[in-house]
Amino acid sequence: MENRHALLVDFQIEPADGYAERRAAIAMVDANLPGSHRITLAGDKGYDTRNFVANCRALTVTPHVARNEARPGGSALDARTVRHPGYAISQWIRKRVEETFGWMKTIGGLRKTRYRGRARVQLHAYLVAAAYNLIRIAKLSPAST
């Protein structure tokens, strides 16, 4: 998701195995956001693992994930990431992602899949994401008089 306007950039369906979200995030960043300038990637506490943070840094991505202090060994993020004001802003804006998922589940019908096969479920998810983006763009455009 793009933070400034809350538009979906990419959306992937993965089998639920406990690692799918982190694996998909790295794959989407690697495939869709090439370049040498540093970007940020926000996520919840499930993304606060040493492997995910190291993969992000290898791709010149600053991980702005919520710190999981209850995890054995503490958070994988160090002070160089969380000391900047941009980290706090990313955590505040991160709730937009959850609102998007909520819309896709309640309005878009993605709470329970209606199709069999990963390709069909992915196509359904793309259509729901496109509908969300169209509604979001309509709300962002200025009202004509």
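Biologist: Is Phe 101 buried, partly exposed or exposed?

Modeller: Phe 101 counts as partly exposed, at 36% relative accessibility. The cut-offs are under 20% relative accessible area for buried and over 50% for exposed, with partly exposed in between (1.4 Å probe, protein chains only). Bear in mind that this is a predicted model, where local features need pLDDT of at least 70 and side-chain atom pairs count only at pLDDT 80 or more, while totals for chains, interfaces and linings use all residues. Residues are numbered from 1 along each chain as its sequence is written, and side-chain values use heavy atoms, with hydrogens and water left out.

Biologist: Fine. How many aromatic pairs are there?

Modeller: The search of the whole structure gives 3 aromatic pairs. One of them is Phe 11 with Phe 101, a tilted pair at 6.2 Å centre to centre with 50 degrees between the planes. Phe 11 sits in the segment before helix 1 and Phe 101 in helix 5, so this pair ties together parts 90 residues apart in sequence. The rule is that rings of Phe, Tyr and Trp (its six-membered ring) pair if their centres lie within 6.5 Å; planes under 30 degrees apart are stacked, over 60 edge-to-face, and the rest tilted.

Biologist: And Phe 11, buried or exposed?

Modeller: Phe 11 counts as buried, at 11% relative accessibility.

Biologist: Let's switch to charges. How many salt bridges does the structure hold?

Modeller: There are 4 salt bridges, each meaning a side-chain nitrogen of Lys or Arg within 4 Å of a carboxyl oxygen of Asp or Glu. Among them is Glu 14 with Arg 118, at 3.2 Å from N to O. That pair links distant parts of the chain, 104 residues apart: Glu 14 is in the segment before helix 1 (20-32), and Arg 118 is in helix 6 (residues 118-140).

Biologist: How exposed is Arg 118?

Modeller: Arg 118 is partly exposed, with a relative accessible area of 47%. Glu 14 counts as partly exposed too, at 26%.

Biologist: What does Arg 23 pair with?

Modeller: Arg 23 forms a salt bridge with Asp 17, and their closest N and O atoms are 3.1 Å apart. Arg 23 is partly exposed at 41% relative accessibility, and Asp 17 is partly exposed at 39%.

Biologist: What about Lys 95, which residue does its side chain meet?

Modeller: The side chain of Lys 95 meets Glu 99 in a salt bridge, 2.7 Å from N to O. The two are 4 residues apart in helix 5, which separates them by about one helical turn.

Biologist: New topic, helix 4. Which of its residues are buried?

Modeller: In helix 4 (residues 85-93), the buried ones are Tyr 87, Ser 90, Gln 91 and Ile 93. They cover an arc of only 165 degrees around the axis, so they are on the same side of helix 4. That arc is taken from the directions from the helix axis to the C-beta atoms.

Biologist: What do they pack against?

Modeller: Those buried residues pack against strand 1 (39-43), strand 2 (61-65), helix 3 (79-82) and helix 5 (95-106). On the face turned away from the buried side, helix 4 carries the exposed residues Pro 85 and Trp 92.

Biologist: Last one: how many helices and strands does the chain have?

Modeller: It comes to 6 helices and 2 strands, running α-β-α-β-α-α-α-α from the N terminus on. Helices (H or I, at least four residues) and strands (E, at least two) are DSSP runs, numbered from the N terminus.

Notes: Contact means heavy atoms within 4.5 Å.
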